Amino acid sequence: MERKSPGFTVFIYTCALLLAAIILAPIAWLFIMSISPAADLAAKPLRWWPQAADFSRYQQLLSTAENSAGAAFTSSLRNSLEIAGMATLAALALAIPAGWAVSRTPAIGWSLSMVIATYMLPPVALAVPLYMGLSHLGLLNNVFGLALVYLTILAPFTTWLMKSGFDSIPREIEAAAMIDGAGLFQTLRIITLPLAAPVMATSALFAVLLAWDEFFYALLFTSDQRAKTLTVAIADLAGGRVSDYGLIATAGVLAALPPVLIGLVMQRALISGLTSGGVKG
């Protein structure tokens, strides 16, 4: 067996720890800010750890009292969950058949390239036509309308990811199933989709993250708590004359929890797809 030198092992672990510190340091500081009293956040020199932890901001934002900051925050949290969920499910429903069709019919690959080219346009260029379309349909300041806008962003991206996943699946497997008497939909359900499960999980994860973090369209197309998302709600916390940076940090910590939990769930789905999506010879 090949033996690694102790110096190389130390170097690898040092690099891994440094990378982890760089990634986790902003998250750790966000949490420290959320539990620090306002005086500690404004103190000079800066206090890197509060003298007394203050969790009252979490209670404030999770409160459901009428006309409170907590009611606005929890309403925005619910809106973000609904919008991201609807947009992701709709994007996958479109991306799976579209990605398979483009993968198995290279002659129409140009259509996907043209759709993806729309990402080259700045979002502000599409704001006016989208606004007019939503206004005509009566979907301004509506969670369904915002999910529809997000679908236009997610569908090309998820289709491209699904197409890449279907490209890695040999066509001969599908052909063999059809020779054995399986229909097209039966072949897709039994053979192709289980093999593409890892890519489906990855596509869903990225779609959720893109929808969850979107700010520009949510700011333009929403005006009150009926459809306002978390990103806009957090921006509202910083919009006053005096900003409570600890409260903003608390909102950031709470807003990060759902994507983290969803990521853990999708990670399990990804591993499950990798292990179950094999071909027995």
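This is a predicted model: local features need pLDDT of at least 70, side-chain atom pairs count only at pLDDT 80 or more; totals for chains, interfaces and linings use all residues.

Author: Now look at helix α10, residues 197-213, and helix α4, residues 69-104: their axes come within 9 Å and cross at roughly 140°. That angle makes α4 oblique to α10, since only angles over 145 degrees count as roughly antiparallel. By the handedness rule, α4 passes α10 in a right-handed crossing.

Who does the touching? On the α4 side, the contact is made by Leu77, Ser80, Leu81, Ala84, Thr88, Leu92 and Ile96. Facing them from α10 are Met200, Ser203, Ala204, Ala207, Val208, Ala211 and Trp212.

Helix α10 has another partner in α9, residues 184-195, and here the axes come within 4 Å and cross at roughly 60°. So α9 is oblique to α10 as well. In this pairing, Leu193, Pro194 and Leu195 of α9 meet Ala197, Pro198 and Met200 of α10.

Now for what lies elsewhere. The model has five salt bridges, and one of them joins the side chains of Arg57 and Asp244, at 3.6 Å from N to O. Arg57 sits in helix α3, residues 56-61, while Asp244 is in the loop between α12 (230-237) and α13 (245-276), so the pair ties together parts that are 187 residues apart in sequence.

Last stop, the surface: Leu18, Leu19, Ile22, Ile23, Leu24 and Ile27 make a nonpolar patch of about 620 Å². One of these, Leu24, lies in helix α1, residues 6-34.

Methods:
Residues are numbered from 1 along each chain as its sequence is written. Side-chain values use heavy atoms; hydrogens and water are left out. Patches are made of residues with over 30% relative accessible area and no salt bridge: like charges are joined within 9 Å, nonpolar side chains (Val, Leu, Ile, Met, Phe, Trp, Tyr) within 5 Å. Accessible areas come from the Shrake-Rupley method with a 1.4 Å probe; for residues, only the protein chains shown count as cover. A salt bridge is a side-chain nitrogen of Lys or Arg within 4 Å of a carboxyl oxygen of Asp or Glu. Helices (H or I, at least four residues) and strands (E, at least two) are DSSP runs, numbered from the N terminus. Axes are lines fitted to C-alpha atoms, for helices over the stretch in contact, and angles run from 0 to 180 degrees between N-to-C directions. Angles under 35 degrees count as roughly parallel, over 145 as roughly antiparallel, 65 to 115 as roughly perpendicular and the rest as oblique. A crossing is left-handed if the near helix is turned anticlockwise from the far one by less than a right angle, and right-handed if clockwise. Contact means heavy atoms within 4.5 Å.
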